[in-house]
Amino acid sequence: MAIARQVLCVCALLSLPLARSQPIRYSVAEEAHSGSLVGNLAQDAALPPAQLSARRARLVSEDGRQHFRFDRASGRLVVADRLDREQLCGQAATCTLPFELLLADPLQFFRVEVTLEDINDHSPVFPEERVTFKIPERGDPGSHFHVEAALDLDIGSNSVQAYSIAPENEYFSVSFGSRSNGDKYVELVLEKPLDREEHAEVDFSLIAVDGGSPPRSGTTQIHIVVLDVNDNAPVFTQDRYTGQVLENTLEGSVVLTVLATDQDAGLNGDISYQFSEGVSDSESLFEIDPKSGEIKLTKSLDFEAAQTHELSVRATDGGGLSAICKVLVEVLDVNDNAPELVVSSFSSPLAENSASGTVVALFTVRDRDAGANGKVSCALDDQLFFSLRPAYKNYYELVTVRALDREDRAQHIVTVTAADAGSPPLTSTHTFTVDISDVNDNAPVFNQTSYTMYVRENNVPSVLVGAVSAADADVGLNAKVTYSLSAGQAAERPWCSCLSVNPESGQLFVLRALDYEQLRQSEVVVSASDAGSPPLRANVTVRLVVLDENDNAPLVLYPAQDSSPGSSELVPVGAEAGYLISKVVAVDADSGQNSWLSYQLLRATDPGLFAVGAQSGEVRLRRPLTDRDPIKHKLVVLVRDNGRPPLSATAALSALLLKDFSDLRQPHSSPAADHDAGSLTTYLILSLVFVSLLFLGSTAAFVARRLCQRKQLKAGHVLYGADNLQSGLADAAAAGTLPRPYCYEISLTTGSGNSEFRFLKPFVPSLPSQPCAMGEGTGEEQVFPCVPVPTEDVTPESAGTLSAEHFNRLSFN
C-alpha cells in the first residue's frame, strides 16, 4: 500500500507543469513609495493578462509577509508598503526578497526575487557623542588610540568612507581602514608629544563621512585629558569572541567571557568592562560584568527574529587607556514552532459530476524553524475519495480520486495532518468540510421549433400577439423556466426593438404601434433559461409578420397640385377622338390591393368631350373638336385606391384649344383676370370720349374767340401780317401762349389680357403741358395731358394752321 502511494505521488508530480527553473529577478530602491512600479511580472513570465484573474494569480511568500502587490488587471508588480533595507536585511551585502507567483488553475509557479537596492538614507553615527582619552604626557609620537568606528546602516559606497579631524591640530591625525578579518578600525595617531603644562586638555571633533550623493556625515567630540605617564593600554586576548546559545536558554545564563590584560601596575593596570554604546538593540538582550567580563542574557532569544547578535566591549584601565573587541553571539534553533497550514483556495460545495482529479483545495505548509525542525510532511486521514498531491516546494493540492455521489454521501470531512521532523516532532491539523451539490443537466425544450405571429399595423401599444412555451425535465430551481429576448441577432435580418416577452408566462407583446411601410416583418430570438447554476438555456426563433392596413391615400405626382397656377395642356382643333391630352400619374405607399389605383373623371367643363383611362390615368378626347367647343376647359380627375374603405385624391388640370398658331401668343389667364381686363377697357373708352368732348368744347370756344378777334381786326386793329405769321407763331410759342400739341394712340383688343394706352411725344418739346386726371372709378388714376386754352389772341390764320397740324389722332384696333 505504501509503495502504491509513492508511485501515485511520483506520477502526480510528473503530471504538473514545471515551474520556471530560473527566478524572475527585479531590483528596486529601498524607501520606494507604496505603489511604485517594480516590473511587469505578467510580461516577464509570458502570461497573457486575461489569464491572471481566470487562474487566480496571487503572490505568496515563505514568511507570510507581503512586501509587494500584484495587479491582476495589468500584470504589474508594485511596492505594497515602505521597504527599509536595513530593517529587512541589516548589514547584509545583498538584500533579496524572494516570493512566488502562484496560479491556481491550472497550478503553476514562478519564482520571483526582488533585490532591494540601498540608498543613502542614514548618516554615520558614532557609538558615543563624546569620547574622552586620558593620554600621558610625553607619549611617543606614532602612538595609536582606538576610537569606536562610526556605524552607518547603509552598505557599499553609502557606508562610511572617510574620517577627518576638525579643526586640525598639530598633535593628532586620524587613521582608518579594515583589518584582515573585515573589521573596520579608526585610530587617533599622536603626531607630537603632549605637554601637560602647555595644554592640560585638547578638544576637537572627529567627523565620519559616507560616500553617498550628497554625502552624509556624523560627528563625535574627542576630549583629550593629558595625564602623567600610563604607557600601557589594555589588550584583549582575542580581537573577536564568538559564542553560541540555544534560543530557549534561560535568562541570566552566561553566554561567554571576555578577558583583557594590562602590563601596568596599580591603578593603571586595574581593568573594567562595559559595552560600547551603539545604535542597535542587541545590547539590550545582554549584560556584562564590569569586573569579570562575563556576558549574560537579560531576555529570551528568538532564532526566527535574529540568528546572530554583534556586540562591542571596551576594556578601560585605571589610567584611562582602553581597548575594544568584537563579540559575536550565534543563536541556535530549537524545535519550538509547530507547522502552519495556510489555505490558498478551497472549493465547496463540489458538484457531484466532478471529474476524478478535480482540485478541491490548495494549501501550503511552513515551519518557522530551520533544518530538520522546519522540514514538514503532510498526510490524510481519509484515503477513499481524496488524496494529497504535492505541487511545488511546500504546496499541496487536495484532489478527488474517484467519482462522487451526493445521494450516497452529501458531505465529506477530510483532515490533513502536518508534522515536522524535529525531536520530538510537532504536528498541526486542518479539517476540510466538502459539501456535494446536485447538478443541472437538462436544458429547457420549446414545444415548437419556431413561431410565427401576426399583428396589424397601427396596432394598439402593448398588444398581445402570442406566447411561447418551454419545459425543463429537472426539478426545483433547475426546472424553473424564465423567458427573455436574446441579444444575439444576425446583422442581415431586420430586428424590431418593440417586442417584449413576459419572463414568467412567455407571452409576447408589441410595445408600440407599427407601420407596415417601415417594417413588414422581423425575427427575434427568445431564450428560455432555467434557474440552475450554471443555468441552461434554449433558443427559438419568433417571426413577427406585420399586416398592411389602408392608411395611405394616393399621391398625385403629375400634374403638380401645388398652389401656383399650372400650365394648360394645348389641344389642336383638328384633334380626333382618342387624342391623348395628358396623363395623371399617382402612387400609393400601401401594398397589395390597398395600392391598386383607379382613375375617373370627377367633373369637367364639358364632360362629354373627355374620357379618363380607369387603369392608366390617360386623359383623351372622347369625340372630335368642333367650332362650338369653348377655348378653355377645366377637368378634375379622381384617383381612388382599392382599400376597405377606399382612400382617394383629386388632380386638377386645364386644356386650351388652339385654332391657329396666333393663339399661342395669347396669355393664359384666369376668369377673374379676363373680367378685370374688360373693365379696364370700358374705363379707357369712357375716358377717351370725355377727353374728346372736352377737346371739341375747347376748340369751339377757341374758334368763337377768334371770330371775335377777327371782327376787331376789321375795325383796323391788325396784329400780324402775312409775311410775319411764322415769326409770330414762334414768338407766341416761345411766350407760352399756344397750346401744346399731343398725339394720342390707343390700342384696344377685345378679349386680350391687357390694354395699351401710349402717349406720343409732342411736336414742339419746349411747350409746357399740364396733366389731367382721368379714369376715376376704375380703382386707379390714369394721367393724360390736357390741351391748354391760349391766353393771348391769335389770328385766324394761325388758328387754322395750328388746328391742322396739331390734330389728335385716335386709333382703335
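Because the model is predicted, local features need pLDDT of at least 70 and side-chain atom pairs count only at pLDDT 80 or more, whereas totals for chains, interfaces and linings use all residues.

**The whole protein**

Show the cartoon, in which the protein has 7 helices and 53 strands; helices (H or I, at least four residues) and strands (E, at least two) are DSSP runs, numbered from the N terminus. Colouring by accessibility shows that buried residues make up 40% of the 813 residues, where buried means under 20% relative accessible area, exposed means over 50%, and partly exposed lies in between, with a 1.4 Å probe and protein chains only. The accessible surface comes to about 44000 Å², of which 53% belongs to carbon and sulfur atoms; such areas come from the Shrake-Rupley method with a 1.4 Å probe, and for residues only the protein chains shown count as cover. Of the contacts (heavy atoms within 4.5 Å) between residues at least 6 apart in sequence, 68% join residues at least 24 apart.

**The four-stranded sheet**

Select β25, β31, β30 and β27, which form an open sheet in the order β25-β31-β30-β27 with mixed pairing; two strands pair if DSSP finds at least two bridges between them. The edge strands are β25 (350–351) and β27, each of which pairs on one side only.

Go next to β30 (residues 411–420), which is joined to β27 (residues 376–380) by 5 bridges in an antiparallel arrangement. Strand β30 is largely enclosed by the rest of the structure, because 7 of its 10 residues are buried. On the β31 side, 9 bridges join β30 to β31 (residues 427–437), again running antiparallel, and a hairpin of 6 residues connects β30 to β31.

Now turn to β27, where Val-376, Cys-378 and Leu-380 make up the covered face, while Ser-377 and Ala-379 make up the uncovered one.

**The disulfide**

The link of Cys-89 and Cys-95 is right-handed, with 60 degrees about the S-S bond. Cys-95 is buried, since its relative accessible area is 2%. For another cysteine, select Cys-708, which counts as partly exposed because its relative accessibility is 47%.

**The nonpolar patch**

Finally, display the surface of Leu-555, Leu-557, Tyr-558, Val-585 and Val-587, which make a nonpolar patch of about 420 Å². The elements that give two or more residues to this patch are β41 (555–558) and β44 (585–587), and β41 gives the most, with 3 residues. Patches are made of residues with over 30% relative accessible area and no salt bridge, with like charges joined within 9 Å and nonpolar side chains (Val, Leu, Ile, Met, Phe, Trp, Tyr) within 5 Å; a salt bridge is a side-chain nitrogen of Lys or Arg within 4 Å of a carboxyl oxygen of Asp or Glu. End on Leu-557, which lies in β41 and counts as partly exposed because its relative accessibility is 46%.

Technical notes:
Residues are numbered from 1 along each chain as its sequence is written. Side-chain values use heavy atoms; hydrogens and water are left out. A disulfide is a pair of cysteine sulfur atoms within 2.5 Å.
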